[in-house]
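Please look at the structure below with this briefing beside you.

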Amino acid sequence: MNIVVLVKQVPDTYSERKLSAADHTLDRESADAVLDEINERAVEEALLIKEAQGGEVTVVCMGPQRATDAIRKALSMGADKAVHLSDEALHGTDAPSTARALAKVIGTVEGVDLVIAGNEATDGRTGAVPAMVAEALGWPQLTFARKVEIDGSTVKIERETDAGIWNVEAALPAVVSVTEKINEPRYPSFKGIMAAKKKPVSVLSLADAGIDAAEVGLANAGSQVVASAPKPPKSGGVKVTDEGEGGVAVAEFLAGEKLL
């Protein structure tokens, strides 16, 4: 079972995040960067399948040079190797073009049986890239999985929705996206961290992956942010001094704010 896991380096949710003043894209240099937590769960699920079925786990990442740190985190968890698509021309690429680029990179990995991804990244939150990757590959998509099972040449998942639990299956190769309920990711051991330094990471440019520069980047995105402003600072609020009519004053304030 040869599995590809799509991972992404994102700004730490505990860091202050902001948009670039130049082009209103996410300013990735202004915040601490980490491997997205949902991707850790995707890596964990791939490792569990590998341990049960045998095979190999390849991490695929699209991002700037610093995304190597996120790749090494996935390798330290137990993934075998990685492919890193890194090119300045990728800056500002939208979700559909990202999916097509990832599909091209997956095509450079030999004998892929299964692609696993998180259901959505914490920086973009489109929740659509795994499905778009499946469309670009021409493979079945099984999204928002809370449980994954491999049965011969078939992959089966449990998908939790507001309407209940759906049991969905498809023939391999296929693309699966997982939710936060799928598992609890393992912590990298010291041995794993040291081993990750020696595992192969192939760095590809657009040309290496066969991607046309006219299909990616901010200039070719389907939508762009044309203006942005920082969130205004919080005001000090309104202080009510209770001199016997505090309740009335509070009620009048809430009514004035249309909260009553």
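This is a predicted model: local features need pLDDT of at least 70, side-chain atom pairs count only at pLDDT 80 or more; totals for chains, interfaces and linings use all residues.

Residues are numbered from 1 along each chain as its sequence is written, and side-chain values use heavy atoms, with hydrogens and water left out.

**The sheet**
- Nine strands form an open sheet with mixed pairing, in the order E9-E8-E7-E10-E6-E1-E4-E5-E11; strands are DSSP runs (E, at least two residues) and helices are runs of H or I of at least four, numbered from the N terminus, and two strands pair if DSSP finds at least two bridges between them.
- Strand E9 (164–171) and strand E11 (201–204) are the edge strands, each pairing on one side only.

**Two strand pairs**
- Strand E4 (residues 56–62) pairs with strand E5 (residues 81–85) in the parallel sense over five bridges, and Val-60 stands opposite Val-83 in E5.
- Strand E8 (residues 154–161) and E9 pair in the antiparallel sense over eight bridges, forming a hairpin with two residues between them, and the bridge partner of Val-155 in E9 is Ala-170.

**The helix across the sheet**
- Helix H3 (residues 95–106) lies across strand E1 (2–7), E4, E5, strand E6 (114–118) and E11, where contact means heavy atoms within 4.5 Å.

**A residue in a loop**
- Val-240 lies in the loop between helix H6 (206–209) and helix H7 (246–256).
- Val-240 counts as partly exposed because its relative accessibility is 35%, with buried meaning under 20% relative accessible area, exposed over 50%, and partly exposed in between (1.4 Å probe, protein chains only).

Definitions and conventions
Axes are lines fitted to C-alpha atoms, for helices over the stretch in contact, and angles run from 0 to 180 degrees between N-to-C directions.
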